[in-house]
Amino acid sequence: MPEGHSIYRYAGHHRRLLAGRRVAATSPQGRFRGGAARIDGRVLVDVTAHGKHLFYRWQRAETLHIHLGLYGKFRTYEMDPPSPTPGTRLTLATDDVSIYLAGPTVCELIEPSREEAIRSRLGPDPLQAGSRGHTVAEFAGNLSRRTIPIGAAVLDQSVVAGIGNIYRAEALFLTGINPATPANELPAAKVEELWRQSVALLERGVAEGKIVTLPRAPLGRSEETDRVYVYKRDRFPCRRCGGPISTGEMASRSIWWCRTCQPPAAASSTTTVPA
DNA sequence: GCTGCATGATGAA
DNA sequence: TCATCCTGCAGCA
């Protein structure tokens, strides 16, 4: 479930488990055999996240860069780890813990200059709000240079880093913004509100370990659609106004919104507005 | 057991 | 815009 909140949790979790420890690395699948050999037996210094990217820094080795993409998953075993499936790209292990990685889009060793290049083309990360480079001013500046719909802009990791398809739909709903609004036409107050909402939603995702955007998470077992306002809820009435939830496609991904709670901006009369 | 879909992103055309 | 990377799971036979 890799939007920014889970990546941030992985960074913290892996830092607690592995930082300062000597780590054994293997690549059962073989595709990362050379890379695993270069970090095998090294001491992990730190793990950091920027948006959906993870960076593992080692003593006397290059930095491990991981991006989970759509399918990538970590599994952690604190005792009796099963033997890794043949598809496992990377295993990291100490005496106490084993972490298996399968299906990542990116798993590579990189030089500091390459890490810098990756970070510099990422937008501000709401989970690092307030730090240098991760401010609403950066976000606003990035939006001001885009004429694409805001619903496409927030998925663009160079505009804001860490938001995925669920948070996109939820943040726009909670701020009452119509997804078709051109990014550079969003009023400053709305930009501010959207940033604050993104920070709040992602931080809550980190705290809860899952995406919950309703004020109160339902008790017991719940479906994804029981914890959110609009994502995948086109077969349900709007939780706010009772009207229909619309769905369509934006930036090659499905999107959901309420056309009553997220009306098109009055000023943007010439834009095509999803109805 | 099979099919299709998914919270992502890139590179070719 | 499309194909591809590549895993897991829900839904259906």
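1. Of the atoms of DNA strand B within 4 Å of the protein, 63% are sugar or phosphate atoms, and the rest belong to bases. This is a predicted model, in which local features need pLDDT of at least 70 and side-chain atom pairs count only at pLDDT 80 or more, while totals for chains, interfaces and linings use all residues. Residues are numbered from 1 along each chain as its sequence is written, chains are lettered from A and ligands numbered from 1 in the order in which they are written, and side-chain values use heavy atoms, with hydrogens and water left out.

2. There are 19 residues around DNA strand B, a residue being counted if one of its heavy atoms lies within 4 Å of the strand. Lys-52, Gly-164, Asn-165, Tyr-231 and Arg-253 come nearest.

3. Gln-262 lies in the segment after β10 (253-258); strands here are DSSP runs of E, at least two residues long, numbered from the N terminus. Gln-262 has a relative accessible area of 0%, so it counts as buried (under 20%, 1.4 Å probe, protein chains only).

4. What does Gln-262 touch? Leaving out residues up to four places away in sequence, its contacts (heavy atoms within 4.5 Å) are Leu-172, Phe-173, Gly-176, Ile-177, Asn-178, Pro-179 and Trp-257. Phe-173 is 89 residues from Gln-262 in sequence, yet their C-alpha atoms are 6.4 Å apart.

Definitions and conventions
Helix = DSSP H or I, 4+ residues; strand = E, 2+ residues; numbered from the N terminus. Buried < 20%, exposed > 50% of the residue type's maximum accessible area, 1.4 Å probe, protein only.
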